Amino acid sequence: MGLGAVFVPYYLSEEQGWELHLEELHRALESAKGVCNPVALYVINPGNPSGQVQSRKSMQEVIRFVSEKRLFLLADEVYQDCIYGEKSEFVSYKKVLTEMGPSLSDTVELASFHSASKGFMGECGLRGGYVELVNLDPAVLKYIKTLFSTDSCAPVLGQMALDLMMNRPQPGDPSYPLYDMETQHIRTTLVHNAKRAVSVLNSLQGFCCQPVEGGAFAFPRVYLPPKAIQKAKEVGMQPDTFYCLRLLEEAGLLFSPGYFASWHLRTSWRNY
Ligand SMILES: Cc1ncc(COP(=O)(O)O)c(C=O)c1O
């Protein structure tokens, strides 16, 4: 990480559909003692690449945790429009924080991120995104404003895409029927693709994939045989990196290694 920042990892519970556990956050914070002084907690919801959607209860726990530990909450919510699970619902951290009322809603410092490249539009070529800052210390805000004003801005096309994403056609607008038809089609296809990706992955020997409730990825666990692990060691690679390379060379399939405690593959299934 640049600027001398240190990364303190915390792990999600795979067996429980990649749930975030409070004890794990405490463990991670404790592990930083003597190494660095953590100032922020970064959460991705819906998860990438894990594909889970956080429950309101879990978000409330996170908010209480950051408040107690005086951490800046960085909520990466770029996949908020990509929800597929029948019972899953995206709720923003800002909403949950507001609902929790004072003394949390007026003190917890929060940054929420969104991008035109994600969402259901998936416009990766149109570079544009935003961050919404809540309860930020005015002394810090001053520096952020300076930073944002001196940094080069997103290209005009990206800014237009972002504007369209935020101000969508409404019922009664001339373009609404076509917009509605196209977005419904995209959503239906994405739900279908997400379910199909998980079911195909789970049908493969040695693979185990948690349900995908949101986001753009599936993150299956792969149980590699000892010989494959040995072979990877011989060529000086992590076993999942080795597997991905072989998959690309032999089957033309592009997966990325998971870089997780156990072997996982990161795979996007979004093409429609
Ligand atoms: C969770 C998450 N946040 C942020 C980004 C950055 O998005 P972009 O740079 O396309 O706006 C990505 C891109 O893959 C992502 O997966």
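**Reading pockets, bridges and backbone**

Trainee: What does buried mean here?

Mentor: Buried is under 20% relative accessible area, exposed is over 50%, and partly exposed lies in between; the probe is 1.4 Å and only protein chains count. Keep in mind that this is a predicted model, where local features need pLDDT of at least 70, side-chain atom pairs count only at pLDDT 80 or more, and totals for chains, interfaces and linings use all residues. Residues are numbered from 1 along each chain as its sequence is written, and side-chain values use heavy atoms, with hydrogens and water left out.

Trainee: Which residue forms a salt bridge with D81?

Mentor: First the rule: a salt bridge is a side-chain nitrogen of Lys or Arg within 4 Å of a carboxyl oxygen of Asp or Glu. Here R168 pairs with D81, the closest N and O atoms being 2.8 Å apart. The pair links distant parts of the chain, 87 residues apart: R168 is in the loop between α5 (156–166) and α6 (176–203), and D81 is in the loop between β2 and α3 (93–100). R168 counts as partly exposed, at 24% relative accessibility.

Trainee: How are the helices and strands defined?

Mentor: They are DSSP runs numbered from the N terminus: helices are H or I over at least four residues, strands are E over at least two.

Trainee: How many salt bridges does the structure hold?

Mentor: There are 10. K94 with E132 is one of them, with the closest N and O atoms 2.5 Å apart. That pair also links distant parts of the chain: K94 sits in helix α3 and E132 in strand β4 (residues 129–134), 38 residues apart. Both are partly exposed, K94 with a relative accessible area of 34% and E132 with 31%. Networks count too: salt bridges that share partners join R56, K95 and E99 into one.

Trainee: What separates the N and O of K69 and E68?

Mentor: In that salt bridge, N to O is 3.4 Å. K69 is partly exposed, with a relative accessible area of 32%, whereas E68 is exposed, at 54%.

Trainee: Now the largest pocket. How is a pocket found?

Mentor: A cavity is a set of points where a 1.4 Å probe fits but cannot get out; a pocket is an open set with protein on both sides within 12 Å along at least five of seven lines. Lining residues have an atom within 4 Å of a point. Points are joined across faces, edges and corners, and the volume is the space filled by probe spheres set on them. Here the largest pocket holds about 1400 Å³.

Trainee: Which residues lie nearest its centre?

Mentor: F7, V8, P9, Y10 and Y42, out of 43 lining residues. At least two lining residues come from each of α1 (22–31), β1 (40–44) and β2 (72–76). β1 gives the most, with 5 residues.

Trainee: How do the lining residues divide by type?

Mentor: Count Ala, Val, Leu, Ile, Met, Phe, Trp, Tyr, Cys and Pro as nonpolar, Asp, Glu, Lys and Arg as charged, and the others, Gly among them, as polar. The lining then has 33 nonpolar, 9 polar and 1 charged.

Trainee: Why does the largest pocket lie between the two domains?

Mentor: Domain bounds come from an automatic or database domain assignment. Domain 1 (14–166) and domain 2 (176–268) both give residues to the lining, so the largest pocket lies between them.

Trainee: Which residues touch the most other members of the largest nonpolar core?

Mentor: In soluble globular proteins, nonpolar side chains tend to be buried together. A nonpolar core is a set of buried Ala, Val, Leu, Ile, Met, Phe, Trp, Tyr and Cys residues joined through side-chain atoms within 4.5 Å. The largest one has 23 residues, and Y84, V212 and W269 touch the most other members. α6, β6 (217–218) and α8 (239–251) each supply at least two residues of this core. The largest share, 6 residues, comes from α6. Domain 1 (14–166) and domain 2 (176–268) each give this core at least three residues.

Trainee: Turn to the backbone. What kind of peptide bond joins N45 and P46?

Mentor: A cis bond, with omega about -10 degrees. P46 is in the loop between β1 and α2 (56–69). The bond from P102 to S103 is cis as well, with omega near 5 degrees; S103 lies in the loop between α3 and β3 (110–115).

Trainee: Where is W18, and is it buried or exposed?

Mentor: W18 is in the segment before α1 and counts as buried, at 2% relative accessibility. Check its phi: positive, about 60 degrees, although W18 is not a glycine. R70 is not a glycine either, and has a positive phi of about 55 degrees. R70 lies in the loop between α2 and β2 and counts as exposed, at 74% relative accessibility.

How values were computed: 1 Å grid on protein atoms, 1.4 Å probe; cavity = no way out; pocket = protein on both sides within 12 Å on 5 of 7 lines; lining within 4 Å.
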